[in-house]
Each structure stands twice: as C-alpha cells, then as structure tokens.
Amino acid sequence: MNWELKTGCAKHTIQFGAELGKVLAEGELVALSGELGAGKTELVKGIASGLGCDLSVPVASPTYILLREYPGRLWLYHFDLYRIGSADELSGIGYEEYFFGDGVCAVEWADKFPLIVPKGALWIKLSVIGETERGLKIETDDPAKWQERLIRVITEDQRR
C-alpha cells in the first residue's frame, strides 16, 4: 500500500498527526524519515495530541537524549535515531522494550536502521515541497492492518 498526500503548513502536518494518533493502537510503530526540517517532529506533536498526551509538556525532538516519553491514552515513545552511529549503539538503549511494548512508538530517522523496524509498521517519508508545504509518502507491508484507518485519517484535500 502506498499513499501520497501533502499538507499546506506545519499546522496541517500536526492536524494529520492528530488524526493518525486517534487511530493508533497498542504496540504500533510509526517510522519517520525525511530531511532536516521536513516536519517529522511536527507530525509527532500531532500524534501526541491524538493519543491524548498532556500538551502542557511540549513535544520536542529527542535528538540529544534519543527518547522522550509522553503519557496519554497510550504512552507515546518518541525516538530520534539521527545521532545513533551503529546498530550496536542502538541496542544499548534498549529500543526493543519500547518497540514491542504496550505503547506507540514514533521513530524519527528510522530509515537509518530499517531492519529494526517491526513488520506491520507504518512508514511515513516527509519531504519539503515548498516554504510551508510538505509531502507525505505513506507505506506499509501490512495494508490490511492500515487501509481502513488511513481512509478515515486522510482527507480528500490532502491526497495528491
């Protein structure tokens, strides 16, 4: 399954993330990729909102600490693999406990280590289209799991 859509500004990227967060279930992982400034963290802000996380705790990129945790309807575990240099280093942070746990994982820079991403994950590649517009390419190896939920999340005006 492959979906492509665009958002007009950061607010729209956050809104898409919020709708996605509403349909995420325990144990699911959203693997994010895209250049610096493409909107990965903005999308995670929306996911946090959709999961009912306490928005008085700002969602920020965990680039230097690697993982941030946010309680909500389900816990959100927000990883950033940008500064991870090797699979051994990644194993040292105990990612498996989170990836196969009872919360939802959002993993920025997941494309650096695609072999650790579980089957059935939702992959979203963000790209810069213009000053404020962003493209989102959504893929999964388990379309039966995601198709119905994504139809509810993606609005007609977002589809390209």
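Which residue forms a salt bridge with Lys6? The partner is Glu133, and the closest N and O atoms of the pair are 3.8 Å apart. A salt bridge here is a side-chain nitrogen of Lys or Arg within 4 Å of a carboxyl oxygen of Asp or Glu. This pair links distant parts of the chain: Lys6 sits in strand β1 (residues 2-7), Glu133 in the loop between β6 (122-128) and β7 (134-140), and 127 residues separate them. Helices (H or I, at least four residues) and strands (E, at least two) are DSSP runs, numbered from the N terminus.

This is a predicted model, in which local features need pLDDT of at least 70 and side-chain atom pairs count only at pLDDT 80 or more, while totals for chains, interfaces and linings use all residues. Residues are numbered from 1 along each chain as its sequence is written, and side-chain values use heavy atoms, with hydrogens and water left out.

Start with the sheet. Seven strands form it, in the order β1-β7-β6-β2-β5-β4-β3. The sheet is open and its pairing is mixed. β1 and β3 (67-70) stand at the edges with a single partner strand each, so one side of each has no neighbour in the sheet. From one strand to the next, the twist averages 20°. Two strands count as paired if DSSP finds at least two bridges between them. Axes are lines fitted to C-alpha atoms, for helices over the stretch in contact, and angles run from 0 to 180 degrees between N-to-C directions. Helix α1 lies across β1, β2, β6 and β7, and runs at about 175° to β6. Contact means heavy atoms within 4.5 Å.

Now follow strand β4. A hairpin of five residues joins β3 to β4. The two strands pair in the antiparallel sense over four bridges. Within that pairing, Tyr77 in β4 is the bridge partner of Glu69. To strand β5 (residues 104-108), β4 (residues 76-80) runs parallel, joined by five bridges. Leu76 stands opposite Val104 in β5, and Phe79 has Val107 in β5 as its bridge partner.

Is β4 covered or open? It is mostly covered, with five of its five residues buried. Buried means under 20% relative accessible area, exposed over 50%, and partly exposed in between (1.4 Å probe, protein chains only). In a regular strand the side chains alternate between the two faces of the sheet. In β4, Leu76, His78 and Asp80 point one way, and Tyr77 and Phe79 the other.

The aromatic residues come next. A search of the whole structure finds six aromatic pairs. Rings of Phe, Tyr and Trp (its six-membered ring) pair if their centres lie within 6.5 Å; planes under 30 degrees apart count as stacked, over 60 as edge-to-face and the rest as tilted. Trp75 and Tyr77 are stacked, because their ring centres are 6.2 Å apart and their planes at 5°. Trp75 is partly exposed at 38% relative accessibility, whereas Tyr77 is buried at 10%. Tyr82 and Trp109 form a tilted pair, 4.8 Å centre to centre with 50° between the planes. Tyr82 lies in the loop between β4 and α3 (87-91) and Trp109 in the loop between β5 and β6, so the pair ties together parts 27 residues apart in sequence. Tyr82 is partly exposed at 33%; Trp109 is buried at 13%. One aromatic cluster is formed by Trp75, Tyr77, Phe79, Tyr95, Tyr98 and Phe99.

Two charged side chains lie over rings. A charge sits over a ring if NZ of Lys or CZ of Arg is within 6 Å of the ring centre and within 35 degrees of the ring normal. Lys40 lies over the face of Trp109, at 4.2 Å from the ring centre. Arg149 lies over the face of Trp146, at 4.3 Å.

Arg149 leads back to the salt bridges. The whole structure holds seven of them. Glu28 pairs with Arg149, the closest N and O atoms being 2.7 Å apart. Glu28 lies in the loop between α1 (10-23) and β2 (29-33) and Arg149 in helix α5 (residues 143-153), so this pair ties together parts 121 residues apart in sequence. Both Glu28 and Arg149 are buried. Glu148 and Arg152 form another salt bridge, with the closest N and O atoms 4.0 Å apart. Both lie in helix α5, four residues apart, about one turn of the helix. Glu148 is exposed at 59%, and Arg152 at 52%. Salt bridges with shared partners join Glu28, Lys145 and Arg149 into one network.
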